Amino acid sequence: MNTVGAALAAAVGFAAVAAAAGMWLPLRARVPVAGACTAALGAAGLAAGVAALGGRTWSADLPDLLPLAGVHLAVDALSGVFMAVAGAVVLAVGVYGIGYAGGHDLSSRGVQAVLPGFALTLILVPAAASVSTFLALWELMALTSLALVVAEHRQRSAVREAGLWYAVMTHMGLVLLLVGLAWFAAGAGGESFPALRAGAAAMSPTARNSVFVLAGLGFASKAGMVPLHAWLPRAHPEAPSHVSALMSAAMVNLGVYGIIRLGLDLLGGGPRWWWWLVLATGAVSAVYGILQAAVATDLKRLLAYSTSENLGLVLVGVGAAGMFNAAGDRPLAALALAAALLHTVNHAAFKALLFCAAGSVLHATGLRDLDKLGGLRARMPVTAGLFAVAALGAVALPPGNGFTSEWLLLQALMHGLAVPGVSTAIVLPVAVAAIALSAGLAAAVFVKALGVGFFARPRSTQAAGAHESPPTMLAGMGLLALACAALALAPGALAPGLVRAGAAAGLSDVRPVSGEGLQLRLTQVSGSLWPLWIAGALAVMMAAVSGLTRGLSRRRRRTQARLWDCGGGAPTPRMAYTATSFAEPLQRVFDDVLAPEQDVDVTPVRESAYLVERVRFHSRVPDRIEHRLYRPVLNGLSNLGIAARRLATGSVHAYLGYGFCTLVTLLVVLAVMQ
Amino acid sequence: MSGAGAAAVVAQVVGVIAGAPLLAGLMRQVRARMEGRAGAGVGQPWRDLRKLLRKEPITAAGTGPAFRLAPLLLVDTTAVVAALVPLASTDTPVSDRADLIVVVAVLALGTVVLALAGLDTGTAFGGMGASREMTVAALVEPTILLSVFALSIPSGSTNLAAIVSGAVDDPARLASPAGLLAAAALAVAVLAETGRLPVDNPSTHLELTMIHEAMTLEYSGPDLALVELGAQMRLTVLLGLLVSLFAPWGIATTASWGALALALVLLAVKVTVLGAVLAAAEVFWAKVRLFRVPELLAGSFLLALLAVAASFFLNGK
Amino acid sequence: MSDSAYTQLLDLACGAFLLAAVVVLWRRDLATAVRVFALQGLALAAVAALLGAHEHRWDLLAVAAGIGVLRAWALPALMRRALAAGGEARESQPLVNVTASLLTAAALTLLAYAVSRPLVALNPTPATRALPVGLAVALIGFFILVTRRRALSQVVGFLLLDNGITAVAFLAASGVPLIVELGVSFDVLLAVLVLRILTTRMRAVFGHTDIDDLRELHD
């Protein structure tokens, strides 16, 4: 039992203790103990993941745990990345949740007992090594997260609708996964991952294609890819913030894990068009997601769409890796995969921090609407600072952590023209353009979130009454901020682990990127990045400029003056640009894609139709894909259901007869077909 | 060896800081002369900066650290870019860190910080400027990155020193369709990034037509001096980048003092000429409406995409 | 016991098993149906006992005893009590008349033989050769469940279905694990109890247990 196994066993133990504490301890003790045990669970998961990244592998077979199939677990470097990410997020969220759960519906037994279970499944899913174990853990993850999403259903009615959407879509994904993986197991003649790996080559191309497409759709839905993303912007805002952080920073990554594991490892790479599909889905989701985030005014909805965007970028990297692998260029494929994995890690760090900060804002003001927030910088300085750190990572600019992975991804794509093929030559520039557009829009989105939400002056009484969060929440967020800073300044430390993960995914042991002394140096193509140097240069130059200015200017003391108001009296906070106004130019530019709806209601005075009593303006940007794609599908299903009511005649004989006739028909068909 | 290289870096930074107001003055003078005015003289921006530095530092009420730090960061990011870009020499201690994507990103950082400062004031103008600036910045990003892509194809890397020395060794690639298209695309992108006509009018005083100026309405005194200097430096650095990428003759490829001196002189001459040409062109241009700017940027994006395609198809793989 | 004696006795028991099912289908008298069902339970117990004796397995003999107790005594007793409490002793006109029912039973038996051929071919022993009988009884039981009007007849049909499935299990695999057998038996017992309660309620509300009146509940 090496480090990985010991850490996983510890994680399971902590989860059991935390769940027991959540069920049976009285209120005062319940939240801190369950939270602390959840944090310990996360630390154990992180340790297991880091050990796996360091090169240790582990496997275990527990045949009696699940009836009929048994439980098979195996950990390699690829699982290690996702386990480490999940563990780190759980650790921070566990600490954060102690403060967040106090005084809400969230300190109830149900929530406190289920949260450790959810966290444990997040850590165990990457360790599954057979189809039934994987599906069982996946379903457990879905059920526990569903229970947590609807935790606050008594306070808001929107929570129930969000829960319904989430339940339906996650189970639809499960069905797709089930069909795909079962087909794979049947075709390969065995359900454990080693058997699948060995048997994949013997399957017919049609079978392999169908397996990849079906299971890939299921995984893409979990990762929030367009068009199966509709649950993401509904479930994340309504879920409690620490659960949203877990979902956005750890759960959606498992969709990516599934695609990498299935496509690159188990199916052994595949034809180029698979990866072209993955890349196209990723690129479209990235641009669509960030566009919707740009016009979103609900802070958590904005963050949810940003998750969709970032995972789209990750899938662009995975798709590029698959394409390069299919064309035979292994080092470039390994580079693209390393970029995708690094972006997953970076995204987890800053997205968890963003959601936790949004939770702090919600905790302090009760508001999620950016239009009504503002001025929080003075009232919640630490939270504002931490949000700024995370936003720097999210905009993918130096010295933030998002920049390193985006740089690596761009390097992989830009050097990809060396791969022969006209299709690559067309796809790569379009992918680069999509990444660039999404990066630019992400900058606009997070300037909006930070500037409109936190700066200037408060635009509502709740925002004016905000207070700083309790210390446990700040501690949890601080841990995540430390992670962001470490990833930003020393990404080279992760390079060996990422290379090993790529090797575990079947891309052989080429070392495309090495971390020499905190630099990221590309080995097969030329390029290097030294984020610490950039940050240092910026800091040094700032000190120099500041000193120079001070030296040259005569007077030293700063005075305050009123804002320029065109001579018309002091501007009110309501005159500041809100999130809606900030996004208006972007909304106009992308009018065709977003299709905003506007309503003007004019209520005239009763006595005369020419005098106006009230005018009401209502503007909203619906999710266009939901309108165009989901609504017709749902209407069609509903009509099908109404038509099917004709089968329900009310006669018990008829109902029994349906069953009997079906059985007899099946038997006849069986008999005839022999 | 490293002496000349380090000196090159210092010379670049100092040159940009000192020369930016001169360049701005020159451009205004050219424009004035072409419009039939006498002009204020080439040294006027320096005089303005000196005047502003001596004024009382004032902070608008209700603003926070973003507002105070933005001018510093603006100058700071542009100075770091001036150190990185091989304006005078490709053999400096920082040349293997001079990645074109990093340069673009650091400049974008300056834009973002200024936009945040605009929002921090809490006035309608600040928000308006920030909103418009971020829209333009978001739409110009694909053009810039695709131009970077097009430039990196012949040299096989996005490292600026490699690109520039490759262009010095093989001037024919600059006259190729890919090179010309990339130049055109980058030129439009530079106009958008620096806030010049036809995207934004730097000398407008009508707030509703402002993009960059609206964010800086609340600044005064030394802060305003830094903001102005930052904008002028940005223009200088970006013109210098264009010159280094597309007219690299004279850039020192070895670390020798003679080559360095010649390179600095030629840099000054080239940037001056380019600035004068730009100023002359601006006389004939009008600012386009904000909602026509995306069309302009879409055109430049198309040029960049064609540059990449031409680079691939004509290099033949 | 000798092989030929074992085969003959097994075939005899299976024949009685199938015949019982046909008689339930044929007769409209509810009391007869219950009696014949009890006989079928005995036949099933005999099959299990024969299998156990042939393979010298004591657990099978114990299971056979249990089956005998449950299906030959306990369940018929429950149903007789229901009959005594209620009024009707005869099935009203079934949905499919008796002639057609018998022809259908023949067709179902043939179908059972056709479908079970590959199963028998897997391992041709005397026990597996009798497999189609179990399947036929299951299908006949399902058919009774579909076409009878009185609730009690439907209960008998359901129990025939279950008997057939159990017979298939024994003949194909010498029984199922004890825990599964226990579970299934408990299930069946519960189903009968529930159906009995339902029947009582129906009689209280409607005055009879003809399920055709349940039509009014739809939509």
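# Notebook: three chains and their contacts

**Entry 1. Chains A and C.** I looked up how chain C meets chain A and found that 14 residues of chain C are in contact with 15 residues of chain A; two residues are in contact if their C-beta atoms, placed from the backbone, lie within 7 Å. The model is predicted, so I note that local features need pLDDT of at least 70 and side-chain atom pairs count only at pLDDT 80 or more, whereas totals for chains, interfaces and linings use all residues. Residues are numbered from 1 along each chain as its sequence is written, and chains are lettered from A and ligands numbered from 1 in the order in which they are written.

On the side of chain C that touches chain A, the elements giving two or more residues are α4 (98-122) and α6 (131-147) of chain C. Here helices (H or I, at least four residues) and strands (E, at least two) are DSSP runs, numbered from the N terminus. By class, I recorded 12 nonpolar, 1 polar and 1 charged residues on this side of chain C. In this scheme Ala, Val, Leu, Ile, Met, Phe, Trp, Tyr, Cys and Pro count as nonpolar, Asp, Glu, Lys and Arg as charged, and the others, Gly among them, as polar.

**Entry 2. Chain C by itself.** I counted 8 helices and 0 strands in chain C, and along the sequence the pattern reads α-α-α-α-α-α-α-α. Its C-alpha atoms fill a box of roughly 55 × 35 × 30 Å along the principal axes. For 219 residues a compact globule would have a radius of gyration near 17 Å, and the 18 Å of chain C agrees with this. The radius is taken over C-alpha atoms, and the globule rule is 2.2 Å times the number of residues to the power 0.38.

Of the 219 residues in chain C, 41% are buried. A residue is buried if 20 or more other C-beta atoms lie within 10 Å of its own, exposed if 12 or fewer, and partly exposed in between, with C-beta atoms placed from the backbone. Among contacts in chain C with a separation of 6 or more, 73% join residues 24 or more positions apart.

**Entry 3. Chain A by itself.** I then turned to chain A, which has 26 helices and 8 strands. The box filled by its C-alpha atoms is roughly 95 × 75 × 60 Å along the principal axes. With 674 residues, a compact globule would have a radius of gyration near 26 Å, and chain A agrees at 26 Å. Buried residues make up 57% of chain A. Of its contacts between residues at least 6 apart in sequence, 79% join residues at least 24 apart.

**Entry 4. Two helices within chain A.** I examined helix α1 (residues 3-24) and helix α4 (residues 109-124) of chain A, whose axes are 7 Å apart and pack at an angle of about 165 degrees. Axes are lines fitted to C-alpha atoms, for helices over the stretch in contact, and angles run from 0 to 180 degrees between N-to-C directions. The angle makes α1(A) roughly antiparallel to α4(A); angles under 35 degrees count as roughly parallel, over 145 as roughly antiparallel, 65 to 115 as roughly perpendicular and the rest as oblique.

The residues that meet include Ala11(A), Ala15(A) and Met23(A) from α1(A), and Gln112(A), Pro116(A) and Ile123(A) from α4(A). This contact divides into 11 nonpolar, 3 polar and 1 charged residues.

**Entry 5. Chains A and B.** Of the 2 pairs of chains that touch, A and B have the most contacts. I found 69 residues of chain B in contact with 66 residues of chain A. On the side of chain B that touches chain A, α5(B) gives the most, with 18 residues. That side has 43 nonpolar, 15 polar and 11 charged residues.

Next I followed α5 (residues 124-155) of chain B to helix α18 (residues 422-454) of chain A: the two axes come within 8 Å and cross at roughly 155 degrees. The helices α18(A) and α5(B) are therefore roughly antiparallel to each other. Among the residues that meet are Val432(A), Leu437(A) and Val447(A) in α18(A), with Met134(B), Leu145(B) and Phe149(B) in α5(B). The contact of α18(A) with α5(B) has 19 nonpolar, 3 polar and 1 charged residues.
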